Amino acid sequence: MLINFLNHYITPIIPSQGSVGSSGDLVQLAHLALAMMGEGDVWVGKDVDPSNLKRMKSTTALKKFGLKPLKLSAKEGLALINGTQMMTAYACLIVKQAKELCKIADIAASLSIEALKGTDRAFDERIHKLRPYPGQQKVARNILRMMKNSEIRLSHLYDDPRVQDAYSLRCVPQIHGASRDAIDYVYNVVSIEINSATDNPLIFPEDKIHLEGGNFHGQPIALAMDFIAIALSEIANVSERRIERLVNAQLSGLPKFLTTQGGLNSGLMIAQYTAASLVSENKVLSHPASVDSIPTSANQEDHNSMGSIAAQKAYRVLKNVQTVLAIEIMCAAQGIDFARVDSKTGKLMKCGVGTQAAYEFVREKIKHLDEDRILYNDILKALEIVKSGEIIKVVEKAIGEELE
């Protein structure tokens, strides 16, 4: 019946709130089962925008497609509602997008390093072999590959008074890498969960027995979702710090707010405001839901995971991180517009093999900001670059191998 729903684009209307993450996602899964029984309400149609869908009674939709309402027999009702499918569905979506977002974050950071004329010395593999976290090593390799043969990098080998870059540039492998390792942990948790039986009781026909247990308890997913929210928040935190450096002339050596026509023009000043706002929101959303528990069911259910809350918060964090990285990519491209001009010769220098490809791809979508325009539209274009993941393919083609 669920497969029929998918094939006919029937989407049960399910409230987002109400689960405490134990005895499964009871409220949400009950509404899913209602629609299968012809009792609930559904959307019908392919569009993701509900305003373009038809809302109707489930029984009407079932008749429309020649389906019969499900008549539940013994144990089937419990099996449908007594599991962690809602929080786990969120977890699957989040962890899949988070793994791709890690590559986007490395691309964004590499573009910022080029724009800020940072060194690639901090990514030397000899450094990272002495602290061999897998994520840290992958990030360092990614950045070195993308910055390979950078003319901008070569231009500041001489007469540069700086000794070391700021942490937001120099420590990208350590920061991004730690988040990557956390996301990999969550990936493993989710992989176990989606291949598990999470209802109760469980029936073992070969032993002719049913056993009452607690596999419905959402604690593994609750902790994992709180962890991934923190890991993703840190990616946005350091991204916003790089954005600040890009727009701050005292730190960047670039024009104030990345515009040569200051005063009447604000440049990309408000883009950093927006990133700061989202990062602040993420800090609130990253407070763990799993540390809370309110007893239910006359205290029979005296410890609840709050996993559904953790999962939905993590999803909001993910969306915010996408936007922050989009803003960084947009600002970094603007910074490169200035940084690539050789101050002595006026010649236009190239970034590394990967960063140059990424820069050119961004410039195909978003033109250089000469005078103020509505930044909202530019941010949306940058966000589409992030969400589509196409920039990853562009970079991988340029470097001749996949990003890790």
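The lining of the largest cavity comprises, by class, 5 nonpolar, 1 polar and 4 charged residues; here Ala, Val, Leu, Ile, Met, Phe, Trp, Tyr, Cys and Pro count as nonpolar, Asp, Glu, Lys and Arg as charged, and the others, Gly among them, as polar. This is a predicted model, in which local features need pLDDT of at least 70 and side-chain atom pairs count only at pLDDT 80 or more, while totals for chains, interfaces and linings use all residues. Residues are numbered from 1 along each chain as its sequence is written, and side-chain values use heavy atoms, with hydrogens and water left out.

The structure holds 1 cavity of 30 Å³ or more, and the space in the largest cavity is about 50 Å³. A cavity is a set of points on a 1 Å grid over the protein atoms alone where a 1.4 Å probe fits but cannot get out, and lining residues have an atom within 4 Å of a point. The volume is the space filled by probe spheres set on the points, which are joined across faces, edges and corners. Among the lining residues are Leu268, Met330, Arg363, Arg373 and Asp378. Helix 14 (307–339) and helix 16 (375–388) each contribute at least two lining residues; helices are DSSP runs (H or I, at least four residues), numbered from the N terminus.

I turn now to a helix pair. Helix 7 (residues 134–147) packs against helix 10 (residues 172–193) at about 130°, with the axes 7 Å apart. Axes are lines fitted to C-alpha atoms over the stretch in contact, and angles run from 0 to 180 degrees between N-to-C directions.

Definitions and conventions:
1 Å grid on protein atoms, 1.4 Å probe; cavity = no way out; pocket = protein on both sides within 12 Å on 5 of 7 lines; lining within 4 Å.
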